[in-house]
Amino acid sequence: MSEVAVLQLMGLCVVGTGILILLFLKAVFVRVLGFVIIMLGIFTLIALGVPQMASLPPAVETFDIASVKTPDDLASIGQKIFFSKGQCALCHSIGPSESARCPDLAGIGAKLAPEFIYESLTQPQAYVYLDFRHEGLPQEYPARMPHINKNPIALSEQEIYSVIAFLQKMSGEPISIKVEDVLNIDVGEMKVALLSGHGGN
Ligand code: HEC
């Protein structure tokens with residue numbers, strides 16, 4: 001029997017006890033008590049009748065970077081991260097959006113070099129992009145770009161590169177992040193993968 005069913009049974013017993021008191025006992029005080037017991041029992045039953053919803057923390061998704069073979073695999077992991085763990089879609093749209101509080105990221109992979117995207121994600125205050133859409137002088141966006149590699153989002157280096165690969169792919173750019181570099185990232189060696197092809201490593 002489920003927990004709720006047990007509680008409902010107890011509620012029914014309480015109501016039953018109240019009814020028995022009202023039926024068989026004559027003393028006024030005891031009858032008042034019986035009435036109160038019935039009411040309490042009924043309220044309990046109503047409360048238990050409301051559908052119960054357990055609020056569990058969101059399922060933790062793990063991204064198996066070892067399964068990545070091609071840059072497209074990397075981009076598809078990046079896409080998942082963009083819409084889940086990375087929380088990017090909470091603020092950014094890809095394509096124009098009415099409710100945008102942050103830059104539209106459509107075509108961003110073609111507009112920005114991977115190094116600059118990396119910087120935008122990990123040191124968002126280094127270069128703050130302004131909002132030109134409203135009237136008057138450009139202003140800062142109402143939201144603030146979080147440090148993606150720190151709490152609470154805290155993406156790993158590999159996850160950040162996957163997101164950059166996704167941004168490049170959805171912008172129709174060739175993915176310049178190299179799979180073998182991402183697989184070989186050591187903590188502390190973070191910029192190596194990104195800068196390879198630009199004289200690094
Ligand atoms: C809390 C809201 C928020 C979240 C979450 C967020 N961003 Fe941002 N992002 C911003 C704001 C605001 C800016 C513009 C100000 C700035 O440049 O710092 C920005 C700027 C950027 C830029 C630079 C845009 C440009 O044109 O220069 C990139 C790239 C970017 N975000 C990518 C991401 C990615 C990828 C994620 C998820 C891993 C993410 N953001 C998560 C708010 C957010």
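User: At roughly what angle do the axes of helix α1 and helix α2 cross?

Analyst: This is a predicted model. Helix α1 spans residues 3-24 and helix α2 spans residues 28-49. Their axes come within 8 Å and cross at roughly 155°.

User: Is α1 roughly parallel or antiparallel to α2?

Analyst: The crossing angle is roughly 155°. Angles over 145 degrees count as roughly antiparallel. Therefore α1 is, relative to α2, roughly antiparallel.

User: How many charged residues are in the contact of α1 with α2?

Analyst: α1 passes α2 in a left-handed crossing. The contact of α1 with α2 has 16 nonpolar and seven polar residues. The charged count is one.

User: At what angle do helix α3 and helix α7 pack?

Analyst: Helix α3 covers residues 71-83, and helix α7 covers residues 157-170. Their axes are 7 Å apart. The angle is about 100°, which makes α3, relative to α7, roughly perpendicular.

User: Which residues in α7 meet α3?

Analyst: From α3 come P71, L74, A75, I77, G78, Q79, I81 and F82. By class, this contact of α3 with α7 has nine nonpolar, three polar and two charged residues. On the α7 side, the residues are E159, S162, V163, A165, F166 and K169.

User: Which residues are closest to the ligand?

Analyst: The ligand is surrounded by 23 residues. They divide into 18 nonpolar, four polar and one charged. α4 (88-91) and α6 (114-122) each supply at least two residues of this shell. The closest are G86, C88, C91, Y129 and M145.

Definitions and conventions: Residues numbered from 1 in each chain as written. Predicted model: local features only at pLDDT ≥ 70, side-chain atom pairs only at ≥ 80, totals over all residues. Near = placed C-beta within 6 Å. Helix = DSSP H or I, 4+ residues; strand = E, 2+ residues; numbered from the N terminus. Nonpolar A, V, L, I, M, F, W, Y, C, P; charged D, E, K, R; others polar. Axes fitted to C-alpha atoms, helices over the stretch in contact; angles between N-to-C directions. Parallel < 35°, antiparallel > 145°, perpendicular 65-115°, else oblique. Left-handed = near helix turned anticlockwise from the far one by under 90°. Contact = placed C-beta atoms within 7 Å.
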